[in-house]
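User: Could you walk me through this model, with the cut-offs spelled out as you go?

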Amino acid sequence: MSTLPGQPSARPTARLRSLALLCLPILVAGCATLKVNSYLERGADLSRYRTFEWGARDTFSTGDPRLDNNPFFETRVKSQVESGLAARGYSKAATPDIRVHIHASVTQRIDVSGVDGPYAQCEAAECRPFVHDAGTLVVDLVDPATNRVIWRGWAEGTLEGAIDNQRRMEQRIDEAVAKILARLPPRS
Amino acid sequence: MAAPKRGSMHRIHRLAAIALVAASTAACATMNVSSHVETGLDMTAYRTFDWGPADALPTGDPRLDQDPFFKDQVTGAVEKALAGLGVGLVPAGGKPDLLIHYHAHISQRLDVRAADRQLGYCTGDACSGNVFEYEAGSLVFDVVDARTNKVIWRGWAQDRVEPILENRDVMAKRIQEAVTRIFKQFPRSESP
């Protein structure tokens with residue numbers, strides 16, 4: 001491990017720990033992991049689709065009263081999805097090729113290994129069970145002609161401290177949407 | 001004589017720690033308050049409010065659904081808090097600037113005594129494995145611009161509710177505290 005000149009070399013574990021502490025305040029902003037994945041309907045050819053519009057609003061509860069019917073959350077997600085799709089060559093139209101649905105859900109999870117916890121680098125004796133709010137954001141692209149989901153992308157990650165801080169929530173949304181849409185198949 | 005003295009000092013520390021925990025739970029150090037806001041609005045333009053249509057969502061707890069005492073406490077506390085911000089209940093038949101909705105929700109949540117560990121009230125093995133369940137209550141207020149029908153502000157408080165639901169005096173006090181702290185976050189001018 002290389003050290004900066006003039007700096008006393010620290011033990012690797014101590015360095016990791018200080019790194020983890022550094023992450024703590026910006027946990028949700030940067031260091032927290034985000035698991036992203038997507039499905040493409042077998043045989044679906046996304047390059048055929050050019051235009052989109054929003055589908056009917058989701059009526060499921062998010063599982064968190066702070067996010068249910070929360071226009072600040074919804075508006076941010078929608079504007080990020082719209083600009084992300086526009087950047088990929090999709091334009092908005094009244095009779096679209098694709099209807100876009102979004103769904104967010106929050107569940108409390110217990111993490112025993114410490115992998116998703118604030119001290120991701122914990123050593124066995126320091127690893128404690130850690131309870132956190134895990135959020136999932138799902139983006140569905142639906143073909144209105146067949147009413148079938150042709151593509152689904154989602155991101156999962158901790159929302160700890162993010163809902164109670166509007167700016168952090170927005171950063172988390174931006175990051176999730178960008179990573180989800182990055183999984184869309186490239187246009188030919 | 002040195003050993004028992006040390007022991008009693010230790011006991012005093014422990015007692016102090018226990019008293020502190022008791023005091024902090026009693027003074028609801030656990031109540032969590034926050035809000036979301038539509039940026040760029042001039043909040044000083046709003047002068048009057050009215051109550052929006054009643055919440056159709058269930059609270060998740062039969063003890064709170066349709067509880068008139070709970071409702072009276074909440075509406076009373078909000079009217080007081082808003083009066084302090086210069087926003088008054090609209091006179092009958094008048095057109096309000098704002099509509100206010102609220103939603104109360106109770107759910108089961110888990111905790112692992114992370115706070116106890118952080119403060120040093122438990123160490124080592126005593127801290128681990130203490131996953132317990134509690135009832136968390138959320139009180140959410142939506143403030144709607146009556147002209148545009150858009151939510152311009154949402155504020156909420158979350159706290160443990162076991163002691164609140166069992167005692168009306170405690171409930172009244174906690175509602176008062178929650179509402180006061182929530183509306184303290186309401187922006188009074190353009191800059192939130």
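This is a predicted model: local features need pLDDT of at least 70, side-chain atom pairs count only at pLDDT 80 or more; totals for chains, interfaces and linings use all residues.

User: How many helices and strands does chain A have, and in what pattern?
Analyst: Chain A has four helices and six strands, and along the sequence they follow the pattern α-α-β-β-α-β-β-β-β-α. Helices (H or I, at least four residues) and strands (E, at least two) are DSSP runs, numbered from the N terminus.

User: And chain B?
Analyst: Chain B comes to five helices and six strands, and from the N terminus on its elements run α-β-β-α-β-β-α-β-β-α-α.

User: What share of each chain is buried?
Analyst: In chain A, 39% of the 188 residues count as buried, and in chain B the figure is 36% of 192 residues. Buried means under 20% relative accessible area, exposed means over 50%, and partly exposed lies in between, with a 1.4 Å probe and protein chains only.

User: What about surface area?
Analyst: The accessible surface of chain A is about 10300 Å², with 54% of it belonging to carbon and sulfur atoms, and chain B exposes about 11000 Å², of which carbon and sulfur atoms supply 56%. These areas come from the Shrake-Rupley method with a 1.4 Å probe, and for residues only the protein chains shown count as cover.

User: Switching to helices, how many residues does α3(A) have, and what does it span?
Analyst: Helix α3(A) has 17 residues and reaches 24 Å from its first C-alpha to its last, close to the 24 Å expected at 1.5 Å a residue; the expected span is 1.5 Å times one less than the number of residues. At its start, a side-chain oxygen of N70(A) reaches to within 2.9 Å of the backbone nitrogen of F72(A). After the helix comes G89(A), with a positive phi near 90 degrees.

User: Which residues of α3(A) are buried, and what covers them?
Analyst: The buried residues are F72(A), F73(A), V77(A), V81(A), G84(A) and L85(A). Their cover includes β2 (51-54), β4 (98-111), β5 (130-143) and α4 (166-181) of chain A, together with β1 and β6 of chain B. Helix α3 (residues 71-87) of chain A also lies across β1 and β6 of chain B, running at about 120 degrees to β6(B). Axes here are lines fitted to C-alpha atoms, for helices over the stretch in contact, and angles run from 0 to 180 degrees between N-to-C directions.

User: Is R76(A) buried or partly exposed?
Analyst: R76(A), which lies in helix α3 of chain A, is partly exposed, because its relative accessible area is 25%. Leaving aside neighbours within four places in sequence, R76(A) is in contact (heavy atoms within 4.5 Å) with E170(A), I173(A) and D174(A). R76(A) and V177(A) are 101 residues apart in sequence, yet 9.9 Å apart in space, C-alpha to C-alpha.

User: So what does α4(A) look like?
Analyst: Helix α4(A) has 16 residues and reaches 22 Å from its first C-alpha to its last, close to the 22 Å expected at 1.5 Å a residue. Its buried residues include M169(A), E170(A), I173(A) and V177(A).

User: Now the sheets: which strands of chain A pair with β6(A)?
Analyst: Strand β1 (residues 34-40) of chain A is joined by seven bridges to β6 (residues 148-158), and the two run antiparallel; within this chain, L40(A) stands opposite W151(A). Strands β5(A) and β6(A) also pair in the antiparallel sense, over 10 bridges, with V138(A) opposite W154(A). Two strands pair if DSSP finds at least two bridges between them. Four residues lie between the strands in the hairpin of β5(A) and β6(A), where N147(A) takes a positive phi near 60 degrees.

User: What is the strand order in chain B's open sheet?
Analyst: The open sheet of six strands has the order β1-β6-β5-β4-β2-β3 (chain B), with mixed pairing. Its edge strands are β1 (32-37) and β3 (88-89) of chain B, each pairing on one side only. Helix α2 (residues 68-84) of chain B lies across β2 (48-51), β3, β4 (98-111) and β5 of that chain, at about 125 degrees to β4(B).

Methods: Residues are numbered from 1 along each chain as its sequence is written. Chains are lettered from A and ligands numbered from 1 in the order in which they are written. Side-chain values use heavy atoms; hydrogens and water are left out. A polar contact is a pair of N or O atoms within 3.5 Å; within protein, one must be able to donate a hydrogen and the other to accept it, and residues adjacent in sequence count only if both atoms are side-chain atoms.
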